[in-house]
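Subject: Structure for you to look at

Hello,

Here is the structure, with my notes below it. Please read them with the model open.

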Amino acid sequence: MPKSNPQSWDASSLRRAISAAGVALWSWNVETDAFSMDDRGFELWNVTQNGTVRFEDLSARIHPADRDRVRAAFTATRAIIGAYEIDFRIIIGEDIRWISARGIGDDSGLHDRLAYGIFLDVTGRKQAEEGHELLAGEMSHRVKNLLAIAMGLTQLTSRSTTTAKEMATDLTGRLAALGRAHDLVRPLPGHQGTAALLGDLVAILLSPYEDTGAFSGRIRVAVPRMGVGENTATTLALVIHELATNSLKYGALSSELGHLDISGASEGDEVRIIWTERGGPKVSVGERPTGYGSRLVERSVGGQLGGSINYDWSEDGLIVTLRLKAEKLAS
């Protein structure tokens, strides 16, 4: 019985398979530096198909931070035995794409002085990897912060209690409140929850840091009565949580005589929230936070909340001014 014929991989079949895979084909003349690509390659690089395209023409579109590395890597491929893969960014207008260039190294693989390979658009994969790295960094930062907060709350509780039992009860309550506040610093699965009032949100987040003993009322909140949407609540909670953590470590909440005022006002299409610390350790005028948490706060305020954050140090303490888009708060 004759065997069935396998699929015939003629040029037309190969072109269809390559197109379905999103692969762009290229060849590089190692002597003349001329580059040749198929239609998908020209589309990927946003290069017009007229005249001769050279490697340097494509290099001009490579991200400046990657350009020298890619040039050196392509030159080095002639000494590589076997397959190679080079990932880099290109700039197309205002967009950044991640490209993976793959081929076979070693001059023995050249045909008529031509090296062959493919380009793949791996932007989606790279963005996912960057997202995972950011999440891992954020989680590591939060764990360190929680440990620092727990130590700070222990010291805070010891100042307002007189017996071990009383301290244990108060500390347990504070840690439980911290847990409730921490729930607001992460998205809820399935978009659970509804909008909360701005004042209630701030009060819940700061409740673990409030003294209930000899020096009560060290934290005062007076903000406009307005709703905060679920998405914004998560981001705003992260910002408040970070500011409170820094205050407990270095600012007003680290001192027995320190106090914190959070006030706010509506100004047209903006909401202004002012975080004022007084009575804490002396700080140097003009200091600027540079840690991961501070960068995360600035990115959150500027990105998700569409606003700005300003730090003002004086001898009396820190004043942080948050300016947020009113429409963002309700989202």
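A hairpin of two residues connects strand E12 to strand E13. Strands (E, at least two residues) and helices (H or I, at least four) are DSSP runs, numbered from the N terminus. This is a predicted model, in which local features need pLDDT of at least 70 and side-chain atom pairs count only at pLDDT 80 or more, while totals for chains, interfaces and linings use all residues. Residues are numbered from 1 along each chain as its sequence is written, and side-chain values use heavy atoms, with hydrogens and water left out.

E12 (residues 308-314) and E13 (residues 317-325) are antiparallel and share seven bridges; two strands pair if DSSP finds at least two bridges between them. Asp 312 has Ile 319 of E13 as its bridge partner. Asp 312 is on the uncovered face of E12 along with Ser 308, Asn 310 and Ser 314, whereas Ile 309, Tyr 311 and Trp 313 form the covered face. In a regular strand the side chains alternate between the two faces of the sheet.

Lys 325 has its C-alpha atom 9.4 Å from that of Gly 268, although 57 residues separate the two along the chain. Gly 268 belongs to the loop between strands E10 (259-267) and E11 (270-278). Gly 268 counts as exposed because its relative accessibility is 74% (buried is under 20%, exposed over 50%, partly exposed in between; 1.4 Å probe, protein chains only).

The whole structure has two cavities of 30 Å³ or more. A cavity is a set of points on a 1 Å grid over the protein atoms alone where a 1.4 Å probe fits but cannot get out, and lining residues have an atom within 4 Å of a point. Grid points are joined across faces, edges and corners, and a volume is the space filled by probe spheres set on the points. The second largest cavity has a volume of about 40 Å³. Its lining includes Phe 35, Trp 45, Phe 88 and Phe 119, and helix H3 (residues 55-59) gives the largest share, three residues.

Asn 46 is in the loop between helix H2 (39-45) and strand E3 (53-54). Its phi is positive, near 55°, and the residue is not a glycine. At 45% relative accessibility, Asn 46 counts as partly exposed.

Regards

Conventions:
On a 1 Å grid over the protein atoms alone, a cavity is a set of points where a 1.4 Å probe fits but cannot get out, and a pocket is an open set with protein on both sides within 12 Å along at least five of seven lines; lining residues have an atom within 4 Å of a point.
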